[in-house]
Every structure is written in structure tokens, then in C-alpha cells.
Amino acid sequence: MQKLGDFKLPHFFNYPPYFTLQPVKDTRQKQVQLWKELILDYCRTQKIFVIGLEDDFPLFSNSAIERSLSHEARDIFLSGLVSDGRAEWMDKGHKKCLILWLRIQDWADCILRFVKDNGLEDSVMTVEEIRSGIESRGTELHGMDRTVLMRALRMLEQKGKLAMFKGSSADDEGVKFSA
């Protein structure tokens, strides 16, 4: 089995037709589904939150079989993730895509588990501490995209699970968790 770093690639990754958009509807649907799952799985394991359509993204080519996805194929696969609610275009030109390998609600649940597991109810943390602090090391929260984190925190704030407050800069925005 081929690997990309420590990531095991699926068997279809070495099958040249999967790098060419398939003309038969059923085959294309299966192709799109396999690529969506691969992109989400790879992004989760590598902690990748943004894919640029024009970028040299590792999954978009396979030098072993000398194949690369066309711009159209990349667009179709990422647009499929957007349609599923697993990604969002970050710009009007659809050049950059925010990958939601966990949906915002799932990130919110992850934050609540983190708070409970670490006994942080009724405590205060900065947004940066949640993303890169000692407490978050080894969790899915460590190194997460700030945009995704802020959206999950706002969702929890609307549900009354925490209160957010501004600091003197973006680096010291605070969060007070509720019990």
C-alpha cells in the first residue's frame, strides 16, 4: 500500500482512471464519493483546514502513475464537499476551500468534552490557549483553524455554554466556560 508521509493511501489512488473525471453518471458518483472521503480523511489526519484549488495539494497528483487531477475535477470534488456541508468556499472566486472534517456542531461538542475532561468548567481561557496551549496538546483542538474555532465558540455562546469577551488584541480574546 502506498503512503503519503504517515498517511496510508487507498487502493484507488493508484488506479489512473480515478484521476480523470468519469463520463458515466454512476461511476462518477462513486468516484466523487471516494475522493470526498479521501480528502476529509487526509485533512483530518494532517490537520489541514484550507485547500487552495490552484495549490500543489499532495492528493491532487500521483507521481507513481504520472497522473494529476484536472482543475475541473478538483473543483467538482471540493464542491461536492461544500454541498455536503463538509467544506465552505472562502472566497467568491472559489479558489480557497475551508475543509470541515468535523462540522461546526461537532467542533462545539469537542470543545465541551475538552472543558469537561480537563475540569475547566467556570474557568477562563484565551482563544489562543484553546488552539495552542498546554491543555489542548494531543487533542483535536490543538492547532485548529482559528475561523473554525471562533464559529464553534460562537455557537456555544448562543447556547449559553460560555461567554466570550474581547481583550486588547485578537491574541487575548477570552472565553469563560459555564458549568
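These legends describe close-up views of one predicted model. Local features need pLDDT of at least 70, side-chain atom pairs count only at pLDDT 80 or more, and totals for chains, interfaces and linings use all residues. Residues are numbered from 1 along each chain as its sequence is written, and side-chain values use heavy atoms, with hydrogens and water left out.

**View 1. Lys36 and Asp84 form a salt bridge.** A salt bridge here is a side-chain nitrogen of Lys or Arg within 4 Å of a carboxyl oxygen of Asp or Glu. The closest N and O atoms of Lys36 and Asp84 are 2.6 Å apart. This pair joins distant parts of the chain, 48 residues apart. Lys36 sits in helix H1 (residues 25–46). Asp84 sits in the loop between helix H2 (71–83) and strand S6 (87–89). Helices (H or I, at least four residues) and strands (E, at least two) are DSSP runs, numbered from the N terminus. Lys36 is buried, at 9% relative accessible area. Asp84 is partly exposed, at 37%. Buried means under 20% relative accessible area, exposed means over 50%, and partly exposed lies in between (1.4 Å probe, protein chains only). The whole structure holds 8 salt bridges.

**View 2. Arg146 has salt bridges to Glu128 and to Glu173.** Side chains of opposite charge can pair when their charged atoms come close. For Glu128 and Arg146, the N to O distance is 2.9 Å. Glu128 belongs to helix H4 (residues 127–132) and Arg146 to helix H5 (residues 146–158), so this pair ties together parts 18 residues apart in sequence. For Arg146 and Glu173, the N to O distance is 2.2 Å. Glu173 lies in the loop between strand S9 (162–165) and strand S10 (174–177), so its pairing with Arg146 in H5 ties together parts 27 residues apart in sequence. Arg146 is partly exposed, at 21% relative accessibility. Glu173 is buried, at 9%. A network of salt bridges links Glu128, Arg131, Arg146, Lys166 and Glu173.

**View 3. Arg74 is buried without a salt bridge.** Arg74 is part of helix H2. The nearest side chain of opposite charge is Asp56, 5.7 Å away. Lys and Arg count as positive and Asp and Glu as negative; His and the chain ends are not counted. Arg74 touches Leu53, Glu54, Asp55, Phe60 and Leu69, leaving out residues up to four places away in sequence. Contact means heavy atoms within 4.5 Å.

**View 4. Helix H5 has 13 residues.** From first C-alpha to last, H5 reaches 18 Å, close to the 18 Å expected at 1.5 Å a residue. The expected span is 1.5 Å times one less than the number of residues. Val148, Leu149, Met150, Ala152, Leu153 and Leu156 are the buried residues of H5. They pack against strand S7 (96–99), helix H3 (104–117), H4, S9 and S10. At the start of H5, a side-chain oxygen of Asp145 comes within 3.0 Å of the backbone nitrogen of Thr147. Just after H5, Gly160 has a positive phi of about 80°.

**View 5. Glu140 lies in the loop between H4 and H5.** Glu140 is partly exposed, with a relative accessible area of 31%. Beyond its neighbours within four places in sequence, Glu140 contacts Arg44, Lys47, Trp101, Leu102, Trp107 and Cys110. Glu140 and Ile111 are 29 residues apart in sequence. Their C-alpha atoms are 9.2 Å apart in space.

Conventions
Polar contact = N/O pair within 3.5 Å; in protein donor to acceptor, adjacent residues only side chain to side chain.
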